[in-house]
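Here is a friendly briefing to read alongside the model. Have the viewer open, and follow the topics below one by one.

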Amino acid sequence: MASDSSSSVSPQRKAVARHALAVFDGTPVVHAYEHDEIDLSIDILEVDDSPDDGLISYSTVGLFETELHHDDGEPLATRVELCAEAPQEQDLWGNILSTAAFGLMRGGHAVMPGSVLPGCVGEYYPETQVPHLYLSVPFSWQDGEFHRLELDGQIVNWLQGFPISDAERAYLEEHGPDAFEDMLLERDPDLYDLDRDSVA
């Protein structure tokens, strides 16, 4: 559930928001999202007409506060925020990213380029052909340059999410993220078309 972000914001969250805004370049709006069942909250920064007219850029602000861990218990070497771009008419991307962030905050599982967050898109667009959220190195802004942020001795990196199909997820699990992304580059689908045909 979203509300306007009006509570006091930590200096660290402000620094993360400023960093994302410098990449997105525009006028920001920040909404606070509260988990429906447990005491979790995340801010979502939105910039209209970014990276191009008719699109909205999104970034979580606050996921970095959660230390994520590999399966062996070792902490991930970086803190993480999520980002995405989507057409203006797809107005539920704040919900999608907040749900993805809440899942990571609750589970604490490490994510990196090539990770998939199952069902995050389909939860809000149940008719979509691409219900899962794939995480990659950000590529939509500044010629693919979304620099990391150094914050109080920690590193914060952003991962860009975009929707993928069941078949694409299966291909990814069998062949790995490099082969999957090579296939996307070759076939060049409209990644934010929720009705697009699967490329796998």
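Leaving aside neighbours within four places in sequence, Gln90 is in contact with Tyr58, Tyr125, Tyr192 and Leu194. Please keep in mind that this is a predicted model.

- Gln90 sits in the loop that runs between S5 and helix H2 (93–107).
- Its relative accessibility is 9%, so Gln90 counts as buried, the cut-off for that class being under 20%.

**Val121, a buried loop residue**

- You will find Val121 in the loop between strand S6 (116–117) and S7.
- With a relative accessible area of 0%, Val121 is buried.
- Setting aside neighbours within four places in sequence, Val121 is in contact with Trp93, Ile96, Thr128, Val130, Pro131, His132, Leu133, Pro163 and Leu194.
- Val121 and Pro177 are 56 residues apart along the chain, and their C-alpha atoms are separated by 19 Å.

**How H3 and H4 pack**

- Helix H3 covers residues 166–175 and helix H4 covers residues 177–187; they pack at an angle of about 135 degrees, with axes 7 Å apart.
- That angle makes H3 oblique to H4.
- On the H3 side the contact is formed by Glu168, Tyr171, Leu172 and His175, while H4 contributes Pro177, Ala179, Phe180 and Met183.
- Sorted by class, this contact has six nonpolar residues, one polar and one charged.

**Helix H1 and what it packs against**

- Helix H1 (residues 11–24) has 14 residues, and from its first C-alpha to its last it reaches 20 Å, close to the 20 Å expected at 1.5 Å a residue.
- Which residues of H1 are buried? They are Arg13, Ala15, Val16, Ala17, His19, Ala20, Val23 and Phe24.
- These buried residues pack against five strands, namely strand S3 (41–48), strand S4 (55–61), strand S5 (79–87), strand S8 (149–151) and strand S9 (154–164).
- Just after H1 comes Asp25, which takes a positive phi of about 65 degrees.

**Backbone details worth a look**

- The peptide bond from Ser50 to Pro51 is cis, and its omega is near 0 degrees.
- Pro51 belongs to the loop between S3 and S4, two strands that the buried residues of H1 pack against.
- Gln142 is not a glycine, yet it has a positive phi of about 50 degrees.
- The loop that holds Gln142 lies between strand S7 (132–136) and S8.
- Gln142 has a relative accessible area of 41%, so it is partly exposed.
- Asp152 is likewise not a glycine and has a positive phi of about 50 degrees.
- Is Asp152 buried or exposed? Its relative accessible area is 62%, so Asp152 is exposed, given that the class begins over 50%.
- Asp152 is found in the loop between S8 and S9, and both of these strands pack against buried residues of H1.

How values were computed: Residues numbered from 1 in each chain as written. Predicted model: local features only at pLDDT ≥ 70, side-chain atom pairs only at ≥ 80, totals over all residues. Heavy atoms only, no water. Axes fitted to C-alpha atoms, helices over the stretch in contact; angles between N-to-C directions. Helix = DSSP H or I, 4+ residues; strand = E, 2+ residues; numbered from the N terminus. Parallel < 35°, antiparallel > 145°, perpendicular 65-115°, else oblique. Contact = heavy atoms within 4.5 Å. Nonpolar A, V, L, I, M, F, W, Y, C, P; charged D, E, K, R; others polar. Expected span 1.5 Å × (residues − 1). Buried < 20%, exposed > 50% of the residue type's maximum accessible area, 1.4 Å probe, protein only.
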